[in-house]
Each structure stands twice: as structure tokens, then as C-alpha cells.
Amino acid sequence: MTATGRRPGPWPSERFRGSPPVARPPGRSKGREPAGCTPMASGRPSPHDERTWAASASESFAPHPDEVAAVRGFVGQCAEWWGLDGTDVVLIASELASNAVLHGRTDFVVTMRSAGDLVRLEVDDRSTRPLAPRPESAIATSGRGLAVVVALADEWGVERRHDGKRVWMEIRLP
């Protein structure tokens, strides 16, 4: 890690605190626990670190604008089922899903994990296009999604994967 909190490298596979460098799915039914949202009996380590997650859920989505609302519903239902205030997590999920639809243009998977007051949200897509944060603009009609993530998440990052990329965030809830 460098002094700026970023790992050196040509492709953004980085962990951020604060501002980044400028430069309906099958099985869902209303009123029931979302598929895969049950707390895990023993937990299991995340493939990204040594933490043990008490609960974990994943759902696949198509690259269609209507799926952003489905992502909000999935994340909100998981948060509710796990007894969490998911307001900020749902907003972040909406922004990351919007980016996956608009820029990734591939099917994507949303994974939500919880351990006590810590929530991790991951959005995996098959696009190899690197994340490109835009400079702030008062007249732009889009491009504020990552600013929302930065403002609400405690940490976030991008990981290059053999089949695309993962954008993730972690937040401690009150």
C-alpha cells in the first residue's frame, strides 16, 4: 500500500477510504424471505479476507434498467430479514447496480454479507472495463453514483477478476 492508501498497479484493484482518485430474478416472491438470505449456521470466511460472515446472500440480475429496482428489493429484504437498517446499503446497492447496467452491460451478481454491524456489498459483472470516476460537474445529468458510495461507505474498492470485475463496499451500521 502506498501512503495514499492505494495499492500500486496499472489496473484499479484498490481499497479506498473517502474520495477515489479523480480521473427480476427467478425465485423471488413477495412477503417471503429472499432466497439465500437466511443466516448461516456457522458462518464462513469471505474469499477476500479472514472474517467470518454470519449471513450471506447472492442474486443474479440481467443488464436491464428494471433490474435496479429488483436489486433494491433484494438488498432491502435481506437487511430486513437480518434485522438491519438497510437504508444506506439499499442506496449504495442501487448506485452500484445502475453502474453495472449502464457501464458493465453484462449479467451481474449482487452479494450481501453481514457480521454484526458490518455489512459488505459486492457487485460482480463480466465487463473488463475499468471503473472510471468522473470529475464533479454541476451541469451533468449523471455521474454521481460513486460520490454517493464514497459519502456513505466506510471503505470501498474495485477488484479485477479473471471474468470481469468486482466493486465492493463495507459499511458499519448503527
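Q: What makes the pairing of the side chains of Glu122 and Arg113 a polar contact?
A: In this predicted model, the side chains of Glu122 and Arg113 are joined at 3.5 Å. A polar contact requires a pair of N or O atoms within 3.5 Å, so the value meets the cut-off. Glu122 also has a polar contact of 2.7 Å with the side chain of Arg120.

Q: How do you know that the span of helix H1 agrees with its number of residues?
A: Helix H1 comprises the 16 residues 66–81, which at 1.5 Å a residue should span 22 Å. Its end C-alpha atoms are 23 Å apart, which agrees. After H1 comes Gly83, whose phi is positive, near 75°.

Q: Which residues of H1 are buried, and what makes them lie on the same side?
A: The buried residues in H1 are Glu67, Val68, Ala70, Val71, Phe74, Val75, Cys78 and Ala79. They cover an arc of only 170° around the axis, which puts them on the same side of H1. In an α-helix there are 3.6 residues a turn, so residues three or four places apart point the same way.

Q: What covers the buried residues of H1, and which exposed residues does the face turned away carry?
A: The cover includes strand E3 (52–61), helix H2 (87–104), strand E4 (108–115) and strand E5 (118–125). The face turned away from the buried side carries the exposed residues Asp66 and Glu80.

Methods: Residues are numbered from 1 along each chain as its sequence is written. This is a predicted model: local features need pLDDT of at least 70, side-chain atom pairs count only at pLDDT 80 or more; totals for chains, interfaces and linings use all residues. Side-chain values use heavy atoms; hydrogens and water are left out. Helices (H or I, at least four residues) and strands (E, at least two) are DSSP runs, numbered from the N terminus. The expected span of a helix is 1.5 Å times one less than its number of residues. Buried means under 20% relative accessible area, exposed over 50%, partly exposed in between (1.4 Å probe, protein chains only). The arc is that of the directions from the helix axis to the C-beta atoms. Contact means heavy atoms within 4.5 Å. A polar contact is a pair of N or O atoms within 3.5 Å; within protein, one must be able to donate a hydrogen and the other to accept it, and residues adjacent in sequence count only if both atoms are side-chain atoms.
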